[in-house]
Every structure is written in structure tokens, then in C-alpha cells.
Amino acid sequence: MSAEPILFPRDTQAGPARDAWWRDAVVYQVYLRSFADGNGDGIGDFAGLRSRLGYLKSLGVDAVWVTPHYPSGGADGGYDVIDYKAVDPVYGDVEDVRGLVEDAHGLGLKVLLDIVPNHTSDQHAWFRTALADPDSPEAARYHFRPASEEPPNNWQSMFGGSAWSRTPDGRWYLHLFTPEQPDLNWDNPEVADDFDETLRFWYDLGVDGFRVDVAYGLFKDPQYRDNPGVYSPTLFGHGPEQVMTTNQPRIHEIWRRWRAVGDSYENGRMLVGEVSLADLKQVGLYARPDELQHAFQFRLLKSKWDATAFADTIAEALTVFASVGAPAPWVLGNHDKARQVTRYGSLRRARAAALLMLALPGSAYLYAGEELGLPEAEVPDAAKKDPIFFRSGGARAGRDGCRVPMPWDDHDALAGFSAAGSAAPWLPIPDGWRDHAVNRQAADASSTLSLYRQAISMRSLYPALGSGLGAVSRVGDVIRVDLVARDGDPDPVTCWINMSGSAAFVPARRVLLASDRTGVQERDGIVELPADTAVWVTPNSVDLR
Ligand code: GLC
Ligand code: CA
């Protein structure tokens, strides 16, 4: 079985954007609640994050994305925002954000915050007023429908059940997520105006950009027509069956507007959108030169351990993003998805996938803890917090297992997340979590942390990695990615990943890095690549035409 190589062109964007920092950046996602607790209340915070910036620097990443830090109703892990221009006191205050940005910039790191424009919290001042007074301007900023027996249409919440709930006076209001997250009405220009102010508020503080929550949402069918089908969380993303609630054409006007706000600042600002659409061509449209710099595609994240799925996705994503002149952003894990080690079935596979991702042209997004090879944590039902678990009546496990605190220190019962003697962590730290601790892995050259550090540092040494031009091909369950840098590079690199159950033999001049050295043998220009292993090699020859 073999597959023709698929050439992917270099991204074509011209001008300053071509050399912008974000084109091949490694971005590290911090789940703020779980990263580091600075004040001993069992909840991660800005003081904790600031104290760990040296760690991020030594890991070699370019930027940190911080999950929502706003005052929140707590219905959905901070994605239900009460006040967009404030910091939840549990995490610190606005001065802490300023301090974070200053410290990070001092180390050469960028800071992205998370912004949530599709919905607010039901405790947001606008929604409170809207509940009290149906004729208020605030009510016109949400989707209310008149009282009736049945919900206004068949729209479903992504967390289960109808997307409509009733107010105490009998009206219906729309929420694509939990009832505590009422959807904003983006047809009302006051909403867009207000978000411009929020962007400027944080940009004026020095923040470098935003990760945009539900960037494929915002607009809804103005006539509230039924969706033709049902959303399945097991799909690659939303498709035409959700056309009335996702990917409405006017969404692109908003991203052009937000891009212009960012571009009005010196050196610009950066936006990465969550674009959970099944059709990659549609995702690509969000990353056109005057829209978002990065549009997350989740096809790779949602692919099983399967060489055909991986190779096809990589080739298609690279082609789609190149066609709009945008870099491809890659992601294997985040705060919404079970950890790679558990999803792929082994640490060995997770390490191999990481090496593949870090070779691919474009930017890579890491989720805190993946560099430690953390598995999905067992969280007892009684300790769970995720509304997905509760709203599905326990049918879906929910996302708590990838959100437990980071283990920093194996000497310490709280794994160094909080200082000794602190309050219990907001999610329980599993037994054995200390085995994964940063201090232990930092001292071990074969640890997963050391692998990530080496791989990221090699992206600077070999411009072919994470950049430019190449080809992807697949033979059986072995994928090959050939890479050369954008500007006539003397050091091409090939990444091989063996996703089959047995050893493969691949040509190579020299192995630069292996996801796991065990079993990797080099002999006479041939490398023995064990199952579930990836290598970066100097190729014997490259012919990319
Ligand atoms: C995004 C977030 C997720 C959140 C949802 C609603 O998908 O990543 O965590 O629950 O939006 O805001
Ligand atoms: Ca704290």
C-alpha cells in the first residue's frame, strides 16, 4: 500500500505578516485554574503563573495563552463571563495582568488572553437588566423569544438538551452552551461596539492578542429556522446540519473588524479563533489575510491513532491554509479533550505525535501538562465540575480529567501546585501524579519534558522545522514529512512517524531526534524505526521540485 506524496506550497502571504512572530510560533496554553497556585487557596492564579514564567522560557515556547480570567459565574470553567474588563479576584487583579505582560515581555514571551464573544454569563449586568425589563436596550443584546408552550425551534445546546431556557416571566432565551451562558445577539451593533472596547482595554495594557472562543458562532439565523440536523460531539466539528447556529456568513465581517482593531496598534496584535467546523475549507476562510491570524482546525486533534487519518488531515490542512496565505495552526490537546497519552493509548504514541506536530509547517499549540506526558486523570464523579458531565446525566465523562493541577514537585504532597499546608486543590490531584513532576523530569534526559525542550529548541536551529515548504506522503502506516525552509535552506529535515504495530525501515543520513531512542537503530543510511515512534532525520536527498 502506498500513497502519492502531496506537495504543500509555502504560505503565500506577503509583506510584514510573512515574518510575523506568530507564523511559526509555539504557543503554550495555560489552564489558569490548574497551572500554579500563588496564594494557597487551591486555585491557580496570576501570581502562580508569573512565578513559573521561567519554566515556560526554558521550555522554549514563544507565547502563552491564558484561559479566561474574568469574573465568572463558574458554570463552565470561566467561559461564562460577568465582566469582560476585569479579573476574577480569585486569580488576582488587572495589575497582575499588567505585571504578567511585563514579566513575559522581559523574557521575550507574548501573552494571549481568551475572549468569549458568543455568550456572557447570566450574571452579566446586561442579562440581569434584560431579565428585569424585556423592553430594555440590554434585552435587545440577547436572543429572547415570546412565551410559548414549546421552545421556539429545534436548536440544541452543545452540552445536551434544548438551547432554549425560560425566564421567570415565561420568555425563552437562547444558550448554545449551558443555561447560564445566554447567547449575545450580534445583529445588534451595540454588541460589536462593546467588544471593540474590550479588545482595546486589554491591548492598551500590552496584551499581544486573544484566543477567540467559539469563533465559528456569534451570528444565528435571523429567522430562527430549525437546524436541519443534530450535532454530534464525535464528529470533526459542525457541518451543514448546524447551519442556522454556526458559520453564518456575516461572521467574517466581525473578524475583519477585530483584525483592524489589532492592526491599529504598533506591530499589530494577534487573534487565534476556535473554528470547530468539519469542513477545512470553511475553516481556512477564517484565516484570510484580513481576518484571524490563526484558525484552529480540530481534525487532527479529533483523529484516532490512524496513519491515513493523520496524513490526509495534514495534507488537506496545509493545502487549505496555504490557499489563503495563512500558516496552519496545529493542536493535539486542549482543555476540552482527553489527554493524548490516554486517547492514543500510550505515552510512546503521544511522544511520537508531538514530534510530528512540532515538525509541521506553521504554529504549534501545546496544552499545559502535555510536555509532562500526563495521562487523563481519574476524577471521581463526586469531585467533577464540568457541566458536560452533569447535563448529559453522566453519559459523557466531561473534561475534568484534562484539567487537574500541574505537578511541579515530587517532594510535596500537593505536587508543588500549591505550597505545603494550602487548601485542597479545586480538583483532586490523583495518586501518583508526583511521578510526572517537573523537577523529576527536568533531571532526566529521556523524560517527555526533555523531549519537548529539545524538539522546540531544534525548531530554531533548523528553520525547515515548523516552517515553509514540503511534502507529506504515506506508505502503509508510516508517514513521511519532508521539510525545507522558506528561503533556500541548506538543512532539510524529514520527519518519519511509524504508526503501525511493527518496526519499519526508513532511509536517513542521520537521526537528529527520536521520540523515544529505545529500539531506534541507525545502519548504512537506514534507520530501524520501532512501532509508535517518530524521528527527525537528515534526509539522504530531497526532491521537492
Ligand atoms: C469553547 C471552550 C470550551 C467552552 C465553550 C463554551 O469550546 O473551549 O471550554 O466550554 O467554548 O464557551
Ligand atoms: Ca490561588
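**Salt bridges in this model**

I'll start with one residue, arginine 50: its relative accessibility is 29%, so it counts as partly exposed, because that class runs between the 20% and 50% cut-offs. Please keep in mind that this is a predicted model.

What does the side chain of arginine 50 meet in a salt bridge? The partner is the side chain of aspartate 96, with 4.0 Å from N to O. That pair joins distant parts of the chain, since arginine 50 sits in helix H2, residues 46–51, while aspartate 96 belongs to helix H4, residues 94–106. The two are 46 residues apart.

Next, arginine 299. Its side chain forms a salt bridge with that of glutamate 316, at 3.3 Å from N to O. Here too distant parts of the chain are linked: arginine 299 lies in the loop between strand E10 (294–296) and helix H9 (307–323), and glutamate 316 is in helix H9, 17 residues away. Is arginine 299 buried or exposed? Arginine 299 counts as buried, because its relative accessibility is 16% and the limit for buried is under 20%. Glutamate 316, with 28%, is partly exposed.

Arginine 517 has a relative accessible area of 47% and is partly exposed. Glutamate 522 is also partly exposed, at 40%.

Now a group of residues. Which residues are linked in a network of salt bridges? They are Asp76, Asp336, Asp386, Arg399 and Arg403.

Last, the total: the model has a count of 30 salt bridges.

Note on methods. Residues are numbered from 1 along each chain as its sequence is written. Chains are lettered from A and ligands numbered from 1 in the order in which they are written. This is a predicted model: local features need pLDDT of at least 70, side-chain atom pairs count only at pLDDT 80 or more; totals for chains, interfaces and linings use all residues. Side-chain values use heavy atoms; hydrogens and water are left out. Helices (H or I, at least four residues) and strands (E, at least two) are DSSP runs, numbered from the N terminus. Buried means under 20% relative accessible area, exposed over 50%, partly exposed in between (1.4 Å probe, protein chains only).
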